[in-house]
2 protein chains.
Amino acid sequence: MTSATSANASARRSGTKGVARADREQQILDVAGQVFAEHGFTATSVADIADRAGISKPLIYNYFGSKEGLFERCLQVASELLVAEIERTAQLDVVGIDRALATLDGVFKVLAGRPWMWRIANDPTAPEIGLALLGSYRRRLEDIAIVGVGQLLTLAGDHDPLDLEALTAVWSSVFSALVTWWIEHPDVTPEEMTSRCSRLFGVVFGVVPKPSGA
Amino acid sequence: MTSATSANASARRSGTKGVARADREQQILDVAGQVFAEHGFTATSVADIADRAGISKPLIYNYFGSKEGLFERCLQVASELLVAEIERTAQLDVVGIDRALATLDGVFKVLAGRPWMWRIANDPTAPEIGLALLGSYRRRLEDIAIVGVGQLLTLAGDHDPLDLEALTAVWSSVFSALVTWWIEHPDVTPEEMTSRCSRLFGVVFGVVPKPSGA
DNA sequence: TTGATATGACTCCAGAGTAAGTTACCACGA
DNA sequence: TCGTGGTAACTTACTCTGGAGTCATATCAA
């Protein structure tokens, strides 16, 4: 990801434990992601992460500068992946409920096996710097959501800008609620969850969406 | 509220500043509610609250025992009021979307002028003890929500218990999103917000609900 | 020897909580 | 109308702890 030792990062290189920089960095990020997800930014101490990673605290500062710096990197990895997936789906030629379903399906698949990404991206105790970063990602998602919601409202003859704003907030929260519910039910597979969403949309909108092909 | 000086709590009574216990308690609760709502439990220090109230820190400990104790009291006041209102509405002879609207309307009216109550009841940095208290209130709300959602699902022939659970989570989040959106738009009156909700439900469900009479 | 990796043992500070004293007011007796 | 003691309200000036962040030093590959 960074630059040095790009070819064979796993090869022994130098230093007390013989762990190459890129490897160590990745390892710390992995562990930090887990721990931050479990307890939230504020309730997590750098010493916790160091312990779990089997290294010492100063090493983390050596690699990431500060607790916030470390969190920011975790957040960036997670957000980047999620937003990229959602933007990818938005390019597809699908609209309405089907598009919503496709987006959810994509997120479920990205998140499968890495639920910590979702928790970090929604950590309410995140520090200022993290909130700023999150804000920029959220704005990108908002842009996408607002288009879909706008189509729905326009179709219904509602042109009130505040209605658009409010309904977009509602849709975002529905999206989050579904993903969060799934994260809290680790036994449910992405496929099962997608079909559950499809079923629920059908009930709510009184429509049977065509089975997702993606 | 407490016991002593019940008749005329505002009358001077005794002590350095001549403020009666019940008055001071209320004053601290008011200020604490504001400050906790602004910054969240974790980011608020007891000294902050003391400063804003124009008193000293130990006085707060004298009255409430601990930072958590103080927060718990704020939370209790807020939750009690909100849950009572929602349960009251649930008694009414209204079902479906109309009931949802009536509930929202009630909450908007309770919250008008005291938005801090909503923020505190949704403070993600609340301490354990607060979460426990919140849990009990939330369970009461869940009981109500689950009935309404259950009716909808049954009507649609869906009897999957996990579907019920998930859709209830979604509905709760929609409810929260609407209230939160409103809290963040202080210029919108409760009446305006209720009619906005009514309009949005109409768009989403493709139904025009009858104008709320309550 | 040099330079990167790594750590034990610190410093430092914010913020929760406390001990001990101070002030104002009241109710009484002389 | 003075003490004088009782008591509730209130404050100053602390202690103590958890946790962020740092420094001097050690280990190892080349």
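Let me start with what covers helix α4 in chain B. The cover over its buried residues includes α1 (21–39), α3 (57–64), α5 (96–111), α6 (115–121) and α7 of chain B. Keep in mind that this is a predicted model.

Which residues of α4(B) are buried? They are B:Leu70, B:Phe71, B:Glu72, B:Cys74, B:Leu75, B:Ala78, B:Ser79, B:Leu82, B:Ile86 and B:Thr89. An α-helix has 3.6 residues a turn, so residues three or four places apart point the same way. The helix itself runs over residues 67–91 of chain B, 25 residues in total. From first C-alpha to last, α4(B) reaches 36 Å, close to the 36 Å expected at 1.5 Å a residue.

Back to one of the covering helices, α1 of chain B, where B:Gln34 sits. Is B:Gln34 buried or partly exposed? B:Gln34 is partly exposed, because 19 other C-beta atoms lie within 10 Å and a residue needs 20 or more to be called buried. In sequence, B:Gln34 and B:Met117 are 83 residues apart, yet their C-alpha atoms are 8.6 Å apart in space.

Next, the core. In soluble globular proteins, nonpolar side chains tend to be buried together. Here the largest nonpolar core has 102 residues, and those with the most contacts inside it are A:Ile120, A:Leu178, B:Ile120 and B:Leu178. Take A:Ile120: neighbours within four places in sequence aside, A:Ile120 is in contact with A:Gly33, A:Phe36, A:Ala37, A:Cys74, A:Leu75 and A:Ala78.

Now the two chains together. Their contact takes 22 residues from chain B and 22 residues from chain A. On the chain B side, α7 (128–155), α8 (161–183) and α9 (190–205) each supply at least two residues. Which of the helices gives the most? That is α8(B), with eleven residues. By type, the chain B side divides into 14 nonpolar, four polar and four charged residues.

How are the copies related? The same surface serves both copies, as 100% of the contact residues of chain B recur in chain A.

Last, confidence. Chain A has a mean pLDDT of 90, and 88% of its residues reach 70 or more. Over residues 1–14 of chain A, though, the pLDDT is below 50, and this stretch has 16 contacts in the model beyond near neighbours in sequence. Where pLDDT is low, the predicted coordinates should not be read in detail.

Methods
Residues numbered from 1 in each chain as written. Chains lettered and ligands numbered in written order. Predicted model: local features only at pLDDT ≥ 70, side-chain atom pairs only at ≥ 80, totals over all residues. Contact = placed C-beta atoms within 7 Å. Helix = DSSP H or I, 4+ residues; strand = E, 2+ residues; numbered from the N terminus. Nonpolar A, V, L, I, M, F, W, Y, C, P; charged D, E, K, R; others polar. pLDDT = per-residue confidence, 0-100. Expected span 1.5 Å × (residues − 1). Buried ≥ 20, exposed ≤ 12 C-beta atoms within 10 Å, placed from the backbone. Core = buried A, V, L, I, M, F, W, Y, C linked by C-beta atoms within 7 Å.
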